[in-house]
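Good morning. I will take one chain and go through it in a few minutes, so please keep the picture in view while I talk.

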Amino acid sequence: FEGLDTTIPGLFKAIRRPAPAGAAALLASIDTETKAAVSVFSLKDPSAAVPALARGLAATRKAIAQFTSEPDAVFILDVKERQFVDAINTALGIELQATAQAPGSPEGSATGPAVPGEKIEVRAALSNRGAVDIEPTEIALINSDAWDAQAATPVPSLLTLNQTARRTFSVTVPEQAPLARPYFERASIAEPRYTIRDATQSYRPASEAVLTAQARYLVAGVPVSIRSAVRRREAHLPYGEELREL
């Protein structure tokens with residue numbers, strides 16, 4: 001790796017492409033904010049790095065929008081964008097949990113697998129464990145149209161340290177919902193290869209969750225998001241409970 005410029009400002013040098021006009025300033029701003037986040041990071045208060053991380057995320061998105069004609073650069077910056085989002089969620093200790101339960105059942109109740117036509121409740125909880133305030137803009141279910149999901153509670157406008165926003169959805173499992181199962185299979189262990197049942201899932205370690213919760217929020221004016229698969233509690237006596245993907 002000697003002689004390879006692995007820094008963000010050296011992006012176009014690394015991919016051996018001429019840098020577009022204004023690229024140097026855009027990439028330098030990302031690098032500056034990254035260094036600023038590192039310099040103020042503290043294990044006692046990881047959220048201290050969040051303002052700089054938010055500025056770095058905004059700068060990265062600006063660069064992505066500017067370099068649409070450079071797909072190799074955009075590919076690398078897309079990775080950097082995801083890294084900024086992950087870093088912000090981690091530094092703030094953002095948690096998003098979504099559990100499926102029988103309608104009206106006590107919080108934390110165990111429930112069996114959902115079946116077509118069944119009505120369930122999905123209870124989503126977004127928590128902020130950081131010292132920097134966030135402004136939730138959305139707590140929703142992906143694939144909610146097919147599942148006829150209706151939210152019964154609004155999204156709060158602000159979450160401060162250790163506050164949690166909760167939103168409950170009334171959901172109906174589609175009548176035509178397929179059985180949740182791996183997207184690959186083989187007839188027996190004697191088969192040397194798997195048969196792909198769903199080509200859209202190819203190369204994933206497991207099939208995508210049938211129902212996913214997503215939360216969006218603003219921190220320092222910058223949009224950030226987090227996702228979590230909807231899970232259900234299943235009794236596993238005498239050891240307690242397990243959380244299984246719905």
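**Around Val230**

Val230 touches Ala98, Thr99, Ala100, Val122, Leu141, Leu211, Thr212, Ala213, Arg244, Glu245 and Leu246, leaving aside residues up to four places away in sequence. Contact here means heavy atoms within 4.5 Å.

Before going on, a note on the source. This is a predicted model, where local features need pLDDT of at least 70 and side-chain atom pairs count only at pLDDT 80 or more, while totals for chains, interfaces and linings use all residues. Residues are numbered from 1 along each chain as its sequence is written, and side-chain values use heavy atoms, with hydrogens and water left out.

Back to Val230, which sits in the loop between β9 and β10, the latter being residues 231-235. Strands are DSSP runs of E with at least two residues, helices are runs of H or I with at least four, and both are numbered from the N terminus. Is Val230 buried or exposed? Val230 is buried, because its relative accessible area is 1%. The cut-offs are under 20% for buried, over 50% for exposed and partly exposed in between, with a 1.4 Å probe and protein chains only. Tyr194 is 36 residues from Val230 along the chain, and their C-alpha atoms are separated by 27 Å.

Strand β8, residues 212-219, and strand β9, residues 222-229, pair in the antiparallel sense over eight bridges. Two strands count as paired if DSSP finds at least two bridges between them. One of the bridges links Thr212 with Ala229 in β9. Thr212 is also among the residues that Val230 touches.

The hairpin of β8 and β9 has two residues between the strands. Ala220 is in that loop, and its phi is positive, about 55°, although Ala220 is not a glycine. Most residues other than glycine have a negative phi, and most peptide bonds are trans. Ala220 counts as exposed because its relative accessible area is 60%.

Where else does a residue other than glycine have a positive phi? Tyr203 does, with phi near 75°. Tyr203 lies in the loop between β7, residues 195-196, and β8. Tyr203 is exposed, with a relative accessible area of 84%.

There is also a cis peptide bond, from Leu237 to Pro238, with omega near 5°. Pro238 is in the loop between β10 and β11, the latter being residues 241-245.

Now Glu121, in strand β2, residues 119-128. Glu121 has a relative accessible area of 15%, so Glu121 counts as buried. The side chains of Glu121 and Arg123 are joined by a polar contact of 2.8 Å. A polar contact is a pair of N or O atoms within 3.5 Å; within protein, one must be able to donate a hydrogen and the other to accept it, and residues adjacent in sequence count only if both atoms are side-chain atoms. Glu121 also touches Thr99 and Ala100, among others, and both of those are on the list for Val230 as well.

Last, the whole chain. How many helices and strands does the chain have? The chain has four helices and eleven strands. The C-alpha trace spans about 55 × 50 × 35 Å along its principal axes. Of the 246 residues, 35% are buried. Among contacts between residues at least 6 apart in sequence, 61% join residues at least 24 apart.
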